[in-house]
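The structure is shown first.

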Amino acid sequence: MIKNIYFDLDGTLVDSAPGIIEGLKRTLVKFGYEIPDYSTLRKCVGPPFTVSYPDILHIKDEDFTEAVAYYRHYYDVENGMYNATVFAGVEDLLKELVKRGYCLFVCTSKPEPTARKLLKKLEIDKYFTDICGATYDAKIDTKTDVINLCFERAPWHKKDETILIGDTKYDAEGAYNTGIRCIGVSWGFGDCAEMEAAGAVEILDLPSEVLDYIEAN
């Protein structure tokens with residue numbers, strides 16, 4: 001029986017692509033890199049910098065630290081993060097889950113202070129018992145790390161009563177690594193086939209389907 005639901009943020013709760021992609025474009029121009037096509041940039045919405053910068057954008061090791069700092073200044077200080085919207089149907093889902101007694105956490109590879117500010121601005125932070133995210137020093141970075149952090153903060157959560165809902169293979173991999181189930185959603189930025197290959201037990205297309213799945217399991 002499901003009692004605890006960990007939600008990914010970017011691409012699952014929130015369409016944060018406009019602000020993230022604008023920040024990536026500015027960073028690439030600043031450090032002399034070519035801007036790739038939109039589909040490539042979209043792949044950077046979700047995974048941590050330690051994955052997206054070297055593996056997707058091919059930013060060199062010697063530029064990595066300064067490039068991350070430049071992006072974060074735009075995103076956090078210049079408030080690029082607020083160029084984001086809650087996906088249609090998501091707030092209704094959260095409201096109904098809380099009403100029915102489920103414990104909701106945010107589980108994101110976005111730095112936790114940034115996630116907290118964004119969710120407060122979008123007025124959906126009130127639905128979550130806790131918001132867990134990455135650290136600026138990357139000691140907590142991957143989805144596996146953040147899921148483990150969720151369990152540290154809520155040691156009464158049992159793994160067989162907890163699921164992760166996310167939109168990328170990184171969510172499915174993190175759930176698999178920590179021994180919980182992952183439900184993939186198709187409205188985000190990931191690839192459904194990749195999520196299934198990484199261990200997602202179901203791929204759902206609408207927030208209302210998420211509610212039906214949880215109630216049935």
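Predicted model: local features only at pLDDT ≥ 70, side-chain atom pairs only at ≥ 80, totals over all residues.

**Cysteines**

How many disulfides does the structure hold? The count is 0. A disulfide requires two cysteine sulfur atoms within 2.5 Å. The sulfur of C44 has its closest cysteine sulfur in C192, at 19 Å, and is therefore too far away for a bond. For C150 the closest cysteine sulfur belongs to C132; because the separation is 3.7 Å, that pair is also too far apart for a bond. C44 counts as buried, with 6% relative accessibility, and C150 counts as buried as well, with 0%. The distances are set out here.

| Cysteine | Closest cysteine sulfur | Sulfur-sulfur distance |
|---|---|---|
| C44 | C192 | 19 Å |
| C150 | C132 | 3.7 Å |

**Helices α7 and α8**

Helix α7 spans residues 143-153 and helix α8 spans residues 169-178. Their axes come within 8 Å and cross at roughly 50°, which means that α7 lies oblique to α8. The crossing of the two helices is right-handed.

Which residues make the contact? On the α7 side they are K143, T144, I147 and N148. On the α8 side they are Y170, D171, E173, G174, A175, N177 and T178. By residue class, the contact of α7 with α8 comprises 5 polar, 3 nonpolar and 3 charged residues.

Terms used
Residues numbered from 1 in each chain as written. Heavy atoms only, no water. Buried < 20%, exposed > 50% of the residue type's maximum accessible area, 1.4 Å probe, protein only. Axes fitted to C-alpha atoms, helices over the stretch in contact; angles between N-to-C directions. Helix = DSSP H or I, 4+ residues; strand = E, 2+ residues; numbered from the N terminus. Parallel < 35°, antiparallel > 145°, perpendicular 65-115°, else oblique. Left-handed = near helix turned anticlockwise from the far one by under 90°. Contact = heavy atoms within 4.5 Å. Nonpolar A, V, L, I, M, F, W, Y, C, P; charged D, E, K, R; others polar.
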